Amino acid sequence: METTKLIYSLTKNLKPVRRLIHPIKRAVIWFVSSLLFVSLGIYWSGILQRFSPESANTFFILETITILWFTFSTACLAFLLSVPGRFKPRMIGYALVPLLSWVGLLFIQNGAFFPVFSVKILSSVPGGSCARDLATLCVVPALIIFSMLRLASPQKRSLIGYVGLLSSFGLAAFGLQFICGALSSPVHVLMFHVSPAVGLSLLGLFFGKVLIK
Amino acid sequence: MILTQEGDSSAYNELLSSLHYVLSAYFGQRLWDKSYEDDLIQDTLMSVHTSRHTYDPYYPFTAWLFGIAHHKFIDFLRKNKRIVSHEVYDDTLFERLCINSNNSSIDSRIDLEKALDQLPAKQKEALKSFSLQGYSSKDSSKIMGIGLSALKVNVHRGYKRLKNILGDDYGNN
């Protein structure tokens with residue numbers, strides 16, 4: 001087909017379109033709605049009882065704030081990536097800086113001594129249920145963010161899928177803050193909260209390509 | 001673009017027509033083979049059309065446009081690399097097929113016609129247009145109403161199948 005014919009066919013049946021709202025506003029909408037679902041999930045499971053006020057120390061509060069920062073920042077990054085021409089390489093920092101802050105906080109909490117490979121410590125804190133809860137809590141936020149990203153015009157679909165899933169796992173990790181009974185162990189948090197969140201998000205590379213079109 | 005989002009088709013026509021030249025210059029600087037230019041421009045214009053709701057007038061239009069164009073170009077490079085590496089293009093194979101036949105030229109012609117009849121319609125049409133009737137690849141793709149890369153793929157697969165059908169006649173050469 002000649003380009004002039006294509007232009008003619010595109011202009012022939014032109015309909016007005018509703019302009020997509022700003023990516024950051026969309027990130028806020030996703031964040032609020034998903035937070036609601038995650039909160040409901042925690043409440044309905046009845047596992048809120050496992051959270052005691054004693055565990056809400058300074059590190060817990062700082063960690064929770066950092067996780068929320070990480071979640072919102074990565075969501076912003078995903079929505080910015082979904083609009084052509086809006087992404088700048090420095091925006092990778094939106095996800096990287098809060099993630100490193102989260103990990104850094106865990107190191108500080110452990111007094112810079114981090115026996116990650118200590119089998120004794122890891123076996124004392126079972127983490128299978130945490131990984132399962134993480135995956136469960138992530139489902140609704142992931143569905144919401146993917147359906148919202150589809151509304152835009154994503155170009156780098158795999159990368160967007162990864163970042164989108166990363167933010168969903170971030171929110172799920174926020175939920176785990178109130179579910180997990182082993183928050184006092186930074187090694188556990190690193191192995192069963194942070195690592196699965198970052199690792200499982202790699203599935204987003206595939207989902208992004210398939211689901212975001 | 002703002003008028004376009006409101007549904008003004010004459011403004012849209014004007015915009016797309018001017019984008020045609022802008023994109024032509026953009027891809028012209030980057031492409032080694034100008035025959036791909038039209039395909040890329042058309043792809044980009046289609047994307048501009050489907051993404052027009054994402055344009056925000058508070059941000060520069062050029063960044064939005066070239067964001068799409070750049071992505072289309074990267075996509076093209078990936079696809080083209082795949083075709084180049086897997087679909088080895090050999091434009092002398094057809095002549096060799098005819099020359100290497102041991103039969104007389106009339107017999108060869110008949111064999112060739114029979115072999116061509118066994119090919120899928122698109123491959124047959126591509127071979128006839130490109131190799132028998134002597135059209136350029138660009139003209140052949142226009143006649144068939146397909147992209148240049150699709151034509152090359154069809155021609156290559158046609159050659160390959162012809163080689164199998166003619167079998168021993170093509171033989172060891």
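Author: Let us begin with a definition: a salt bridge is a side-chain nitrogen of Lys or Arg within 4 Å of a carboxyl oxygen of Asp or Glu. In this predicted model, Asp75(B) forms such a bridge with Arg78(B), and their closest N and O atoms are 3.6 Å apart. Local features here need pLDDT of at least 70, side-chain atom pairs count only at pLDDT 80 or more, and totals for chains, interfaces and linings use all residues. Residues are numbered from 1 along each chain as its sequence is written, chains are lettered from A and ligands numbered from 1 in the order in which they are written, and side-chain values use heavy atoms, with hydrogens and water left out.

Reader: Where do Asp75(B) and Arg78(B) lie in chain B?

Author: Helices (H or I, at least four residues) and strands (E, at least two) are DSSP runs, numbered from the N terminus. Both Asp75(B) and Arg78(B) belong to helix α4 of chain B, where they stand three residues apart, about one turn of the helix.

Reader: How many salt bridges are there over all chains?

Author: A search of the whole structure finds three. One of them joins Lys124(B) to Asp117(B), with the closest N and O atoms 2.9 Å apart. Another joins the side chains of Arg132(A) and Asp133(A), at 3.5 Å from N to O.

Reader: Which of these residues are buried and which are exposed?

Author: Buried means under 20% relative accessible area, exposed over 50%, and partly exposed in between, using a 1.4 Å probe and protein chains only. Arg132(A) counts as exposed because its relative accessibility is 53%, whereas Asp133(A), at 15%, counts as buried. Asp117(B) is exposed because its relative accessible area is 51%, while Lys124(B), at 22%, is partly exposed. Asp75(B) is partly exposed because its relative accessibility is 22%.

Reader: What share of the contacts joins residues 24 or more positions apart?

Author: Contact means heavy atoms within 4.5 Å. Among contacts with a separation of 6 or more, residues 24 or more positions apart account for 86% in chain A and 64% in chain B.

Reader: Which residues does Leu119(B) touch, beyond those up to four places away in sequence?

Author: Leu119(B) lies in the loop between α6 (105–117) and α7 (121–132) of chain B. Its contacts beyond four places include Lys124(B), Leu127(B), Gly158(B) and Leu162(B). Leu119(B) and Leu162(B) are 43 residues apart in sequence, and their C-alpha atoms are 7.7 Å apart in space. Leu119(B) counts as buried because its relative accessibility is 6%.

Reader: How is the meeting of two chains described?

Author: The size of an interface is often given as the accessible area lost when the parts come together. Buried area is the accessible area (1.4 Å probe) that two parts lose on being put together, summed over both. Chain A and chain B bury about 2500 Å² between them, and 63% of this is on carbon and sulfur atoms. In chain A, Leu10(A), Leu14(A) and Arg19(A) lose the most area to chain B, together 25% of what that side buries.

Reader: How many residues of each chain are in contact, and how many salt bridges lie between the chains?

Author: In contact are 24 residues of chain A and 31 residues of chain B. The count of salt bridges between chain A and chain B is zero.

Reader: Where is His53(B) found, and which residues of chain A are in contact with it?

Author: His53(B) is found in the loop between α3 (37–50) and α4 (61–86) of chain B. Leaving aside neighbours within four places in sequence, His53(B) is in contact with residues including Val17(A), Arg18(A), Arg19(A), Leu20(A), Leu151(A) and Ala152(A). His53(B) counts as buried because its relative accessibility is 14%.
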